[in-house]
Amino acid sequence: MKKALAALMAGALCLSLAAAPVSAASFNQDSTETAGTVFTFDYKNDPTYTVTIPEAVTMEKEGTRMEIKAEDVAYLDGKKISVTIAGTDQFRNQMLLSCTDPEKPTKKYFTRYQFIMDDETVIETTGADTIVGTELASFTEDGTVGFTVRPVISFSSSQVAGMVYTGSMTYGIELVDAE
């Protein structure tokens with residue numbers, strides 16, 4: 001049975017190859033034509049773009065506007081520029097700001113922050129999740145994507161007024177298939 005099945009599959013493969021269209025010219029000893037081949041190469045331009053992300057943002061209690069800008073976008077060839085969150089400087093890539101009490105150098109205070117997108121989507125972490133890979137902006141042409149960055153004031157013991165909280169975030173910028 002196995003041999004019969006193998007023979008049937010081999011026969012089907014041979015028939016499919018014989019039926020495949022082939023574009024070739026044949027020449028023999030009596031041919032008067034010149035043998036030749038036409039070559040084609042689509043030499044595409046490399047994608048070009050410049051993405052600008054603020055180097056520093058000072059948040060206000062009510063929130064601060066932040067913008068990611070793409071310029072000189074060209075030759076994306078069906079791709080889009082995707083700007084994602086690559087990580088933060090906090091444990092498990094949480095969206096946290098921290099500070100150290102100058103009177104108690106071993107005591108740290110924390111406050112969360114969030115991004116409020118223009119469509120009202122909230123991007124934040126709550127302790128058990130991470131934001132790595134979250135797309136903040138995408139571009140297929142020149143443009144700007146803006147959102148509000150806001151500290152989360154919870155009046156917990158981990159937050160103390162009168163301190164300067166800091167934190168940082170890194171971004172991934174890459175070309176991905178456009179949807």
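**A guided tour from Phe147**

Select Phe147 and display its surroundings: leaving aside neighbours within four places in sequence, Phe147 is in contact (heavy atoms within 4.5 Å) with Thr64, Arg65, Met66, Ile68, Phe115, Ile116, Met117, Asp118 and Leu136. The model is predicted, so local features need pLDDT of at least 70 and side-chain atom pairs count only at pLDDT 80 or more, while totals for chains, interfaces and linings use all residues. Residues are numbered from 1 along each chain as its sequence is written, and side-chain values use heavy atoms, with hydrogens and water left out.

The structure holds three aromatic pairs (rings of Phe, Tyr and Trp, the last by its six-membered ring, with centres within 6.5 Å; planes under 30 degrees apart are stacked, over 60 edge-to-face, the rest tilted). The ring centres of Phe115 and Phe147 are 4.8 Å apart and the planes stand at 50°, so this pair is tilted. Phe115 belongs to strand 5 (residues 104-117) and Phe147 to strand 8 (residues 143-152), so the pair ties together parts 32 residues apart in sequence. Helices (H or I, at least four residues) and strands (E, at least two) are DSSP runs numbered from the N terminus.

Are Phe115 and Phe147 buried or exposed? Both are buried (under 20% relative accessible area; exposed is over 50%, partly exposed in between, with a 1.4 Å probe and protein chains only). Of its 25 residues, Ile68, Phe115, Ile123 and Phe147 touch the most other members.

Move on to Lys44 and Asp77. They form one of six salt bridges (a side-chain nitrogen of Lys or Arg within 4 Å of a carboxyl oxygen of Asp or Glu), and their closest N and O atoms are 3.2 Å apart. Lys44 is partly exposed at 44% relative accessibility, whereas Asp77 is exposed, at 56%.

Then select Glu124 and Arg112, whose side chains meet in a salt bridge of 2.9 Å, N to O. Glu124 lies in the loop between strand 6 (122-123) and strand 7, and Arg112 in strand 5, 12 residues apart.

Technical notes
Core = buried A, V, L, I, M, F, W, Y, C linked by side-chain atoms within 4.5 Å.
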